[in-house]
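Hello,

Here is the structure I promised to pass on. Please open it first, then read my notes below.

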Amino acid sequence: MPKSLPDLDDLKTHIALYDSESAYQQLFKCLFPSLYRFCFCILKSRELAEEAASDVMITLWRNRLKMLEINNIKVYALVIARNVSLNILNRNHKEELVSLDDIRIEILLDAHNPEQLLINDELKKKLEMATQSLPSKCKLVFKLIKEDGLSYKETATILNISVKTVDAHLVTAVKKLSTILKAEFNLM
Amino acid sequence: MDKSLIIALLSKKMAAEATQEELEQLRLLIEKYPDAIYYEEFLQELWENNSGSQAPQSDLDQIYALHRNKYKADFTFHPAEEIHAGRYSYLHVSGVLLGLVVVALLCFGLWQHHKQLPTHDTHIVAGKGIRKKVVLPDGTLVWLNAGSKLSYDTGFNQQKIRQVFLTGEAFFDVSHRKSQPFIVHTEKISVKVLGTAFNIQAYPGENKSEATLIRGSIELSVNDQSGQKVILNPSEKFAFSTEKKTMVINHVEPVKIGNDEYIEETSWKDNQLVFQDETLEELKPRLERWFNIRISIRSDQPKHYRFTGVFKNETINEALEAMQLIKPFTFKLTRYDVIIY
């Protein structure tokens with residue numbers, strides 16, 4: 001569950017002003033999972049994603065006084081994560097610089113909800129395949145909004161695109177899913 | 001066309017970005033095309049799925065432990081080595097000597113500290129034997145005592161929290177700003193104020209850090225015991241012992257010398273050095289800073305002599321002669337040194 005913003009603010013103060021390691025630990029536990037998943041989408045490797053997410057957290061710690069100026073730590077961290085991930089990718093591609101558009105992004109539709117009534121495993125696989133075929137930025141938009149519950153504005157900041165583009169990408173993703181659903185259930 | 005619109009509106013709704021009008025529009029469209037309700041149901045089920053993907057706590061603990069170990073250098077703080085005030089490099093700052101709130105924490109250690117702090121690009125230094133009064137960009141008055149340094153970022157007044165870093169001793173009279181707290185950081189303790197007058201003493205190389213509150217209210221914390229916060233009332237003094245890690249709060253009593261009363265902890269800002277029943281050994285660092293001189297006590301007996309007094313405009317020679325009237329000792333005075341036998 002994403003920690004509510006007031007909590008993060010409190011942690012932020014403790015870390016920045018009092019160098020509180022225990023507050024940092026709590027922030028770590030709160031942000032790491034989504035940082036890891038985001039980096040995994042881009043890096044497609046568990047090790048690299050862990051390395052990247054760890055990198056992002058220590059960057060926050062090293063610049064903790066600057067944290068006081070930031071309103072939304074989660075978005076700030078994800079922006080750093082984007083840059084760190086791209087840097088890692090570029091580490092291996094000395095020739096041309098890689099951007100988010102060029103790379104294959106991997107996202108997963110989570111499969112752990114036992115209360116599912118309408119969508120069975122079969123259907124889930126079809127939906128997953130459909131999302132896999134979406135363009136990279138589109139996938140990332142879909143993931144950030146659906147999984148991380150970020151707003152259009154926050155997503156736009158992290159991916160460095162406009163809010164309108166975010167909307168367009170989301171619509172594309174939802175359209176794709178609807179097509180599968182339509183075929184499956186013979187909807188209009 | 002309507003179908004596209006339904007999808008577009010549904011997307012916005014799932015992202016919680018739909019306006020009231022758009023929600024209303026969607027509602028009407030669904031009435032017109034009842035099949036659309038299925039899309040919404042499916043999408044909702046898909047959307048709710050993400051709450052399951054929480055990494056188990058124990059895994060996170062382990063991951064954190066590895067992370068913490070990997071970067072342990074960023075987290076271990078070495079106590080600042082003794083830096084004697086005289087070795088500061090002086091930056092040119094002119095100002096009237098007026099001590100404002102004594103900040104009893106030696107912040108000099110911050111320069112040498114292993115903690116990584118953003119650069120504070122403005123420094124005010126009072127060398128040995130010098131006291132300075134400055135006005136900060138927000139109107140706060142600061143009196144810096146001898147051998148002290150105050151640092152802050154040029155943009156300090158525009159930030160959410162006003163922060164300064166102190167090594168040595170300073171007296172602060174902080175401009176009251178309800179929504180913009182003022183924090184003084186020193187090596188070992190930090191003081192948060194809203195608008196108040198207080199003294200902090202924190203010289204490097206000394207085992208104690210002290211804060212004395214004259215007016216208002218301050219919240220103190222010891223830097224590496226962040227859970228604990230202490231709130232001082234006026235005329236209270238907080239003392240933190242580095243080696244014993246103890247914290248003591250005392251009521252500050254004025255010292256009566258002759259017909260006058262002085263507050264020992266803050267009188268320096270009025271150019272008065274006040275001491276009460278202190279041994280020569282205890283007085284030594286204060287005298288050294290006050291007069292900008294090095295004192296060495298060659299024999300054991302004078303170390304334990306106790307003195308009570310006030311120095312206003314005396315030179316070191318006059319001060320020592322006055323002390324000789326109270327207890328017998330001999331001294332030899334050169335330009336930079338005093339030797340006491």
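Chain B has a mean pLDDT of 77, and 83% of its residues reach 70 or more. Bear in mind that this is a predicted model. Among the elements of chain B, helix H2 (residues 20-32) has the highest mean pLDDT, 91. Helix H6 (residues 109-112) of chain B has the lowest, 33. Over residues 78-118 of chain B the pLDDT is below 50. Beyond near neighbours in sequence, that stretch still has 143 contacts in the model.

For chain A the mean pLDDT is 83, and 87% of the residues reach 70 or more. Helix H7 (residues 152-159) of chain A has the highest mean among that chain's elements, at 94. Helix H1 (residues 5-18) of chain A has the lowest, at 75. The model as a whole scores ipTM 0.80 and pTM 0.50.

**The two chains**

Chain A has eight helices and zero strands. Along the sequence its pattern reads α-α-α-α-α-α-α-α. Of its 188 residues, 43% count as buried. Take the contacts in chain A between residues at least 6 apart in sequence: 63% of them join residues at least 24 apart.

Chain B has nine helices and 20 strands. Of its 341 residues, 35% count as buried. For contacts in chain B between residues at least 6 apart in sequence, 57% join residues at least 24 apart.

**Cores**

In soluble globular proteins, nonpolar side chains tend to be buried together. Here the largest nonpolar core has 70 residues. A:Leu35, A:Cys39, A:Ala53 and A:Ala81 have the most contacts inside that core. Helix H2 (residues 21-43) of chain A gives the largest share of this core, 15 residues.

What does A:Leu35 touch, leaving aside its neighbours within four places in sequence? The contacts are A:Ala53, A:Val56, A:Ala77, A:Leu78 and A:Ala81.

**Helix H8 of chain A**

This helix covers residues 163-185 of chain A. At 1.5 Å a residue, its 23 residues should span 33 Å. The end C-alpha atoms are 33 Å apart, which agrees. The helix is followed by A:Asn186, whose phi is positive, near 55 degrees.

The buried residues of H8(A) are A:Val166, A:Asp167, A:His169, A:Leu170, A:Val171, A:Ala173, A:Val174, A:Leu177, A:Ser178 and A:Leu181. Which helices do they pack against? In chain A, the partners are H5 (121-132), H6 (136-146) and H7. In chain B, they are H1 (2-14) and H3 (36-48).

Look at H5(A) and H8(A) together. The two pack at an angle of about 145 degrees, with their axes 9 Å apart. The crossing is right-handed. On the H5(A) side, the contact is made by A:Leu123, A:Lys126, A:Leu127, A:Ala130 and A:Thr131. On the H8(A) side, the residues are A:Ala173, A:Lys176, A:Leu177, A:Ile180 and A:Glu184.

Is B:Val134 buried or exposed? B:Val134 is buried, because 20 other C-beta atoms lie within 10 Å. This residue sits in strand E2 (residues 132-135) of chain B. B:Val134 and B:Ile124 are 10 residues apart in sequence and 8.4 Å apart in space, C-alpha to C-alpha.

B:Asn313 is exposed, with 7 other C-beta atoms within 10 Å. Its place is the loop between strand E18 (306-311) and helix H9 (316-326) of chain B. B:Asn313 and B:Leu273 are 40 residues apart in sequence, yet 9.4 Å apart in space, C-alpha to C-alpha.

Now for backbone angles. Most residues other than glycine have a negative phi. B:Ala16 has a positive phi, near 60 degrees. It lies in the loop between H1 and H2 of chain B. B:Ala16 counts as exposed, with 10 C-beta neighbours inside 10 Å.

B:Ser235 also has a positive phi, about 70 degrees, although it is not a glycine. The loop between strand E11 (229-232) and strand E12 (236-241) of chain B holds B:Ser235. With 15 C-beta neighbours inside 10 Å, B:Ser235 counts as partly exposed.

Best wishes

Conventions
Residues numbered from 1 in each chain as written. Chains lettered and ligands numbered in written order. Predicted model: local features only at pLDDT ≥ 70, side-chain atom pairs only at ≥ 80, totals over all residues. Core = buried A, V, L, I, M, F, W, Y, C linked by C-beta atoms within 7 Å. Buried ≥ 20, exposed ≤ 12 C-beta atoms within 10 Å, placed from the backbone. Helix = DSSP H or I, 4+ residues; strand = E, 2+ residues; numbered from the N terminus. Contact = placed C-beta atoms within 7 Å. pLDDT = per-residue confidence, 0-100. Expected span 1.5 Å × (residues − 1). Axes fitted to C-alpha atoms, helices over the stretch in contact; angles between N-to-C directions. Left-handed = near helix turned anticlockwise from the far one by under 90°.
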